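I opened this model to look up a few local features. The entries below follow the order in which I checked them.

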Amino acid sequence: MHQAVSSDGNNGLSYSISLLSIMLFTSLGAVILRPVIDLNLNAAGHSKTYIGSNGVMWELGCFLGALGFVYMLRRWGIRTVLWACLSVLCLLVLSIPHVLFSALLFPVRFGVGLMTAIVCLTCITGVVVASGKGNHATALCVVTVAATGAKAFGSAMVRFVGVDGYTPFLLAAMSMGVGVLLVGSIRSGAALNRPKPKAFPVIRKGLPTMAGGALLLLAFCAGACRTSFLTFLPIYAVDTGFTPGDGALLLAGAFAGAVVLSIPIGRIGDRSGHRRTLILISITVAVVSASLLLSELPLAVFLTVVFLMGGMFAAMRDLGLAAWSSKHPEPENVIAWCSFWAGVGAVVGILSTGVLMDLFGPPALAWVMMGGSLLILLMAFSADPSGLEVDEDAVRERDALFGADKILLED
């Protein structure tokens, strides 16, 4: 394993903590922005279609950033990418109050999503590489837990500072500014003499193997299910007779499930096999989701159900990514592919689940969760581990940039 050991005594753990901290402060600022922007647009009388279209710009930026970050990472390295993207991100955030009610908000929000995705995925790549091949699921689940905690804390901060005026945007920019300062804790490596990339590495390498393709579809389904579940859970609760306060409590329970269950499931996956664990989790989620179809579900039981679903949906995504990245010589490419399709799945999932709930009522959410879980189960069976193995010598012969993951920690 390629540890980040520098002359001043920094080791892989401190390196990972620095990257994880940068990702957390960036995620915290992003979480503050989303409800503040949407609630301001709603208060200004904009339609839900307008607000949704504006929010999709964020998602577009995120999954396009998943493709671009590999190119940037290989050309400039982790440290330079983080400096540049975080600086631009702070400027974009501070500009939002001035364009909030104009058409310029669309490209600005796209840019914020793009830069946020590049920063977070760059940090995740560094953490995963530092974790070692046998600990990818655990590392990814640690990232999920930390990001989920940042989302919960950011949501609480929005309630405290409010959504009016310049304060929430300044707070978000300050959070991302802390990330800029933390980049200084990452050691600057020696100049690297490597070829200039001529195209996006993810695209140049062509389509993945059949097993890899199954995991891309798995990432798509996991992104669609988890995002739709978290988006429509409070609405489902209200439509089935619960109060808005109960809906907020259930959403908090889903986030708590991700915090509590992700790391244990990740450790089990690393020790017992990612694919086997993923199959068991998929079956469990499909069974648990069926309970949402029961009428007059007690709040305590409902809370237990969403706790399990929140944790297992997060683990599904991480297990699928770990199954592939742990067998690939360049994990940044796997992270890019899976993040891109998970982002596409999130957009498709939100739009299609909303339409289905309008047509068939609240039970449509349960059917979507069950169907998505069964599709993930099918993809897990299709992802033959032998089909995920990559010949490092063959990659080295056809790609002069091979080995970027081995120097990431020195950049």
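I placed Ser 18 in helix H1, which covers residues 12–43. The model is a predicted one. Leaving aside neighbours within four places in sequence, I found Ser 18 in contact with Ser 185 and Ile 186.

Next, the cysteines. How many disulfides does the structure hold? I found zero. I looked up the burial of two cysteines as well. Cys 85 has a relative accessible area of 2% and is buried. Cys 90 is also buried, with a value of 14%.

Then a helix pair. Two packed helices are described by the angle between their axes and the distance between the axes. I took H9 (residues 274–290) and H12 (residues 363–382), whose axes come within 8 Å and cross at roughly 160 degrees. The crossing of H9 past H12 is left-handed.

Which residues meet in this pair? On the H9 side I listed Arg 275, Leu 278, Ile 279, Ser 282, Ile 283, Val 285, Ala 286, Ser 289 and Ala 290. On the H12 side they meet Ala 366, Met 369, Met 370, Ser 373, Leu 374, Ile 376, Leu 377, Ala 380 and Phe 381. By class, I noted 14 nonpolar, three polar and one charged residue in the contact of H9 with H12.

Key:
Residues are numbered from 1 along each chain as its sequence is written. This is a predicted model: local features need pLDDT of at least 70, side-chain atom pairs count only at pLDDT 80 or more; totals for chains, interfaces and linings use all residues. Side-chain values use heavy atoms; hydrogens and water are left out. Axes are lines fitted to C-alpha atoms, for helices over the stretch in contact, and angles run from 0 to 180 degrees between N-to-C directions. Helices (H or I, at least four residues) and strands (E, at least two) are DSSP runs, numbered from the N terminus. A crossing is left-handed if the near helix is turned anticlockwise from the far one by less than a right angle, and right-handed if clockwise. Contact means heavy atoms within 4.5 Å. Ala, Val, Leu, Ile, Met, Phe, Trp, Tyr, Cys and Pro count as nonpolar, Asp, Glu, Lys and Arg as charged, and the others, Gly among them, as polar. A disulfide is a pair of cysteine sulfur atoms within 2.5 Å. Buried means under 20% relative accessible area, exposed over 50%, partly exposed in between (1.4 Å probe, protein chains only).
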